[in-house]
Amino acid sequence: MKIAKTYLLMTLFSLWLAAPHISMAADGKTVIEQNRCAGCHEMNGGKAGTIAEVLSKKAPDLFYAGSKFQEKFLTKFLQRPNRIRPAGTVFLNYTAPGPEIDQIQEPPLCASRLSREDAVAAAQYLMTLKDPDMPTGIYKPGTEFAKANAKMIFHKSGACNACHQVDVGNGDIKGGVSAPTLYDAGDRLNGDWVLSYIKDPQHWDPKAWMPKRELPDSTWQLLTNFIMTMKKSEEMKKAEK
Ligand code: HEC
Ligand code: HEC
């Protein structure tokens, strides 16, 4: 009886010690758990290996969010998500044949609606989820590069615009809808991750629909520099407010 009582007191004491940590909004992992982000997002590194698994994906993987994103973007997005994939996470699930071209059915936005405080904490936690094998420090912001050449590869020989939307000038958005928009990639993504992903999309997602291509390293660097200059135009920022 006495032992049981001691245990009870000890348990209560340890709960009391732990309580401030649990209730503290600054614990991003708890915020993610309480908001059931894992109900839609893969948080633990289980890559979709079969077509059935790909088709049943509700949302993009987040287990390497710290390699992929800029923290500032995450903090903002988790409070008020915007559309990134015009035809949803798995475009096959949201397109139906139309009279002339395929029609997109309105795909869902991310369901995250965190308070500012929770978003700051969740973003900090997501930034700790990194792939240790990704080379870092390779993308150098502000490097001079042959923009006209990069543009030519993106729109012609590489046909990247067949699947990705970009700003072709003054907020004029053009491109395919089956993949994430890139017109704000420089505000959203980490340059080292962009380089790693475009060189070998299947390293990150074995069933990614983006084709792997053998191009010289200098071309991938060029494309990364180009993609990282893609930022929301002033018109777009105004329209959001
Ligand atoms: C009901 C399902 C659902 C829930 C719950 C949900 N999301 Fe999402 N999330 C989505 C979808 C769908 C997208 C893709 C939207 C798009 O591309 O336009 C998305 C996109 C994202 C992205 C961008 C990913 C990328 O690779 O582009 C992040 C980051 C994110 N969600 C974080 C969260 C966090 C953190 C939570 C919990 C607080 C959460 N989401 C809860 C459905 C969900
Ligand atoms: C056949 C369609 C297709 C083509 C062509 C294509 N991509 Fe992709 N790309 C994708 C898909 C699909 C994804 C990832 C989907 C996801 O995360 O939901 C992707 C992802 C990306 C991403 C990461 C974007 C993000 O926010 O997650 C970048 C950057 C990218 N592609 C650049 C390129 C470049 C550069 C080229 C040309 C060399 C290219 N893509 C050609 C389909 C394509």
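1. **What you are looking at.** This is a predicted model, in which local features need pLDDT of at least 70 and side-chain atom pairs count only at pLDDT 80 or more, while totals for chains, interfaces and linings use all residues. Residues are numbered from 1 along each chain as its sequence is written, and chains are lettered from A and ligands numbered from 1 in the order in which they are written. The pLDDT score is the predictor's confidence in each residue, from 0 to 100. Its mean over the chain is 88, and 89% of the residues reach 70 or more. Be careful with residues 20-25, though: pLDDT stays under 50 there, and the model has 6 contacts beyond four places in sequence for that stretch. Where pLDDT is low, the predicted coordinates should not be read in detail.

2. **The overall build.** You'll find 12 helices and 4 strands in the chain. Both are DSSP runs numbered from the N terminus, with helices (H or I) of at least four residues and strands (E) of at least two. Of the 241 residues, 25% are buried. Buried here asks for 20 or more other C-beta atoms within 10 Å of a residue's own, exposed for 12 or fewer, and partly exposed is in between, with C-beta atoms placed from the backbone. Two residues are in contact if those backbone-placed C-beta atoms lie within 7 Å. Among contacts with a separation of 6 or more, 68% join residues 24 or more positions apart.

3. **The core.** A nonpolar core is a set of buried Ala, Val, Leu, Ile, Met, Phe, Trp, Tyr and Cys residues joined through C-beta atoms within 7 Å. The largest one holds 34 residues, and Ala-122, Ala-123, Ala-185, Val-194 and Ile-227 have the most contacts inside it. Two or more residues come from each of helix 2 (28-34), helix 6 (116-126), helix 7 (147-157), helix 9 (191-199) and helix 11 (217-228). Helix 6 has the largest share, 6 residues. This core lies between domain 1 (23-126) and domain 2 (147-240), because both give residues to it. The domain bounds come from an automatic or database domain assignment. Zoom in on Ala-185: leaving out residues up to four places away in sequence, Ala-185 touches Val-194, Ile-227, Met-228 and Met-230.

4. To be near a molecule or strand, a residue needs its backbone-placed C-beta atom within 6 Å of it. Nonpolar covers Ala, Val, Leu, Ile, Met, Phe, Trp, Tyr, Cys and Pro, charged covers Asp, Glu, Lys and Arg, and the others, Gly among them, are polar. As for helix 9, its buried residues are Gly-191, Trp-193, Val-194, Leu-195, Ser-196 and Tyr-197. Their cover includes helix 4 (65-68), helix 8 (185-188), helix 10 (201-204) and helix 11.

5. **Ligand 1.** There are 27 residues around ligand 1, and Cys-37, Cys-40, Ala-59, Arg-85 and Cys-110 come nearest. The class count is 18 nonpolar, 5 polar and 4 charged.

6. **Two buried loop residues.** His-164 sits in the loop between helix 7 and strand 3 (165-167), and counts as buried because it has 23 C-beta neighbours inside 10 Å. Val-90 is in the loop between helix 5 (71-77) and strand 1 (95-96), and its 20 C-beta neighbours inside 10 Å make Val-90 buried. Leaving aside neighbours within four places in sequence, Val-90 contacts Val-54, Leu-55 and Lys-57.

7. Most residues other than glycine have a negative phi. Arg-36 has a phi near 50°, and Asn-170 has one near 55°. Arg-36 is exposed, with 10 other C-beta atoms within 10 Å; Asn-170 is exposed too, with 8 such neighbours.
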